[in-house]
Amino acid sequence: MSSSSRQPRRRFVIGLFLIAAVVQVLYRPAQCSSLMKYLATEYNLSNIYSIIERNQIANSTIHLRSVTVFAPHNEAFLKITKQDNDDEYLPCYHITNVPMKLEQLGKSVFSELDGNPPMWITKKSSEEIYVNQAKIVYHLANYEHNNTFGKPQVLHVIDQVLQPLRMKKNSPQNVYNPNAWEFMENAEYLDLDSYHTNTFLQRVQNLDKKSVFTNQGGHTFFIPVDEVANYPKVRPEKIDLKVIDAHIVPDNVLFLGPTNENEQFKTLAFTDMLKVFASLSKAEEGDKTKYFVSSDTVVGDGVHPTGAVVAEIVKANIPVRNGVVHLISRPLMIVDNTVKQFIEDREDSVLHRFYEEIMNSGGDFLEKLTAMPNITLFAPSNVAFNENSIQSYLTNRTYIRSLLDLHIVNRRLSIDDIVAESIDKRFQVPTEVPRKDLFFNVVTNGKNRTLTLEGGGVNATVVQANLAATNGIIHIIDHVLGIPSSTVDRKLATDPTLNETNYLGQVSSLNDQLSDGQKRFTYFVPRDFAWKRLAIDNPSAYKKLFMPEYSNIARQILERHLIVADKAFTMDDLRKEANNNYNLSVKLPTVRDVSMYIKIKDSVEGYSIEWRNEWIHVHRSDVRCTNGIIHVIDKVLIDENDIEVNGAIATKSITALVLVMAQCLVFYYFN
């Protein structure tokens with residue numbers, strides 16, 4: 001190619017680079033404009049730009065001084081209700097007069113709002129940082145620029161609009177940057193959505209506890225309001241010195257957004273003789289989210305019983321000079337309701353659906369709760385009643401009434417009690433339904449403990465624990481017990497005591513058919529204990545069954561435990577069948593055997609079945625699934641010949657195969 005032909009191409013390439021450079025400069029106002037111009041040109045920051053521009057102090061501050069701006073994006077403004085005084089409060093509360101990148105942020109920074117109230121910083125990791133309730137958008141943080149006076153400036157985009165403490169309209173008195181004590185003392189002048197805190201303030205004054213609300217540093221204060229509709233009013237004299245201390249979490253500023261749900265924090269009431277924690281939680285109801293605080297007294301005294309007391313947070317995330325305030329619906333730590341009163345407390349409580357079902361089934365269940373002096377109630381949450389799979393059952397009032405008793409244990413059981421009982425064994429307790437126990441499983445992960453239970457074939461998780469009542473304890477669970485929601489195969493996969501049978505069913509493909517909703521299965525399922533027993537009694541057979549090459553034998557043994565018919569059989573069905581047969585054996589058409597004969601025995605300890613002259617305990621009977629029933633048994637139905645005969649067949653087959661291969665090799669080499 002000649003040099004003359006290369007020249008146009010070179011000029012064309014250079015031209016492209018120049019155009020790209022110009023476009024890059026024009027498209028990146030951040031590199032050539034002031035911070036205000038950057039806000040103006042970034043389409044997703046137009047709302048914060050407009051309110052800063054309209055506010056003379058904020059506008060001048062950015063033009064003249066070093067600043068850090070926490071800039072909510074436009075979507076954040078869509079989540080708040082606009083107020084008349086937004087232009088007065090919001091601009092300066094999003095600005096501090098020190099330029100700070102993320103790694104330079106401490107526990108708090110002072111805003112430019114009158115009185116310089118702080119903005120509190122929570123660092124959960126190097127990339128997850130919050131300012132008050134708002135999360136900093138990590139990839140849109142640390143934008144730096146010098147203004148026209150050479151002052152360094154930093155901008156961080158946040159996902160929520162920061163809300164400072166505001167005064168009431170036309171208030172005769174101004175309150176600037178109050179601490180928690182000054183907040184309560186001047187509550188009548190503050191915009192608190194018409195809530196009042198006079199009762200709690202009076203008790204703090206009478207008991208000379210002002211100092212705990214004026215402590216410098218960063219703390220969390222839960223302040224009860226005087227009265228909330230539908231919440232019972234607590235007698236003021238019950239608010240004593242320790243109760244007041246239980247409303248303060250020292251040295252932790254807990255805004256709702258960055259705080260882990262159900263993480264426990266020591267309160268001021270945590271001492272050598274009394275141990276009280278506080279934790280935050282939430283409940284989703286449709287498109288509405290409610291937040292709650294719980295005080296959990298794990299070690300009580302003669303005046304303060306163990307157990308948790310829950311209050312709704314009615315106004316959250318109010319920043320003050322020494323931390324954050326949350327207004328709550330009732331005082332913490334005070335136990336003055338019975339279990340019955342707890343359930344019927346409020347129309348919009350976390351248990352109002354449970355209360356509705358109780359009343360729809362006749363209401364006598366509430367009287368039963370009143371008559372029992374020490375009980376534990378596992379109460380399904382509102383969300384538990386929204387499951388599609390249980391809707392058809394809810395119309396059967398007689399059935400629902402029988403299920404309610406499955407949720408009661410006639411003794412107090414805290415989480416600690418259950419954990420202690422579960423150390424060496426899987427803990428189970430009888431319910432108010434004869435021969436229907438609850439079975440518990442505790443999973444510990446670091447500081448977190450998850451409690452699951454099974455009742456009537458349904459697995460549930462405790463979502464709120466240790467709620468204290470004068471005559472018992474309430475644990476809120478996420479499913480209604482006794483109403484099946486899983487197929488047989490899903491039940492096997494989710495039950496922690498049936499792992500071995502589930503594994504063999506998977507590798508042998510037997511489990512594939514157990515999801516069929518058109519069939520009805522009755523499955524005598526050996527629990528893990530039964531397989532361990534087999535490993536001791538016949539280690540060779542146990543070892544072979546869990547080898548992949550013996551999966552066909554494992555399947556045949558499991559098929560002996562499985563009945564497929566036009567209906568599923570409860571243990572009572574089988575017992576009645578035996579009685580009709582003069583208490584002789586019941587003939588069961590299992591998948592493996594043409595017919596299997598068992599006897600049924602019913603005793604105080606529960607059901608037992610006899611197979612091959614041995615009585616086997618039914619550990620859990622009538623575990624209902626959507627397509628069948630599981631009976632959990634304590635022994636594998638296995639015969640000594642099962643492994644030997646099938647093993648011999650397998651050996652003969654392998655031997656025959658080897659002989660054929662040998663003949664083929666001989667033929668190949670000698671012909």
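What follows is a series of questions and answers on this structure.

Reader: Before the details, which pLDDT is needed for local features in this model?

Author: Residues are numbered from 1 along each chain as its sequence is written, and side-chain values use heavy atoms, with hydrogens and water left out. The model is predicted, so totals for chains, interfaces and linings use all residues, side-chain atom pairs count only at pLDDT 80 or more, and local features need pLDDT of at least 70.

Reader: How many helices and strands does the chain have?

Author: Helices (H or I, at least four residues) and strands (E, at least two) are taken as DSSP runs and numbered from the N terminus. On that basis the secondary structure of the chain comes to 23 helices and 29 strands.

Reader: What percentage of the residues of the chain count as buried?

Author: A residue is buried under 20% relative accessible area, exposed over 50% and partly exposed in between, with a 1.4 Å probe and protein chains only. Of the 671 residues of the chain, the share that counts as buried is 49%.

Reader: What share of the contacts with a separation of 6 or more comes from residues 24 or more positions apart?

Author: A contact here means heavy atoms within 4.5 Å. Among the contacts in the chain with a separation of 6 or more, the share from residues 24 or more positions apart is 64%.

Reader: At what angle do the axes of α3 and α4 cross?

Author: Two packed helices are described by the angle between their axes and the distance between the axes. Here axes are lines fitted to C-alpha atoms, for helices over the stretch in contact, and angles run from 0 to 180 degrees between N-to-C directions. Helices α3 and α4 are therefore roughly perpendicular to each other, a class that covers 65 to 115 degrees, with under 35 counted as roughly parallel, over 145 as roughly antiparallel and the rest as oblique. The axes of α3 (residues 46–54) and α4 (residues 56–64) come within 5 Å, and their crossing angle is roughly 100 degrees.

Reader: Which residues of α4 meet Ile52, Glu53 and Arg54 in α3?

Author: The contact between these two helices involves Ile52, Glu53 and Arg54 on the α3 side. Their counterparts in α4 are Gln56, Ala58, Asn59 and Ile62.

Reader: What phi does Asn142 take?

Author: Most residues other than glycine have a negative phi, and most peptide bonds are trans. Asn142 lies in the loop between β6 (134–135) and β7 (143–146), and because its relative accessibility is 24% it counts as partly exposed. Its phi is positive, near 65 degrees.

Reader: Is Met333, which also has a positive phi, buried or exposed?

Author: Met333 is not a glycine, yet it has a positive phi of about 75 degrees. The residue sits in the loop between β15 (323–328) and α11 (339–343). Because its relative accessibility is 2%, Met333 counts as buried.

Reader: Which elements do the buried residues of α8 pack against?

Author: In helix α8 (residues 198–206), Phe200, Leu201, Arg203 and Val204 are buried. Seen down the axis, these buried residues fall within an arc of 165 degrees, so they line one face of the helix; the arc is that of the directions from the helix axis to the C-beta atoms. The elements that the buried residues pack against are α7 (180–185), α9 (211–214), β9 (219–224) and α10 (241–245).
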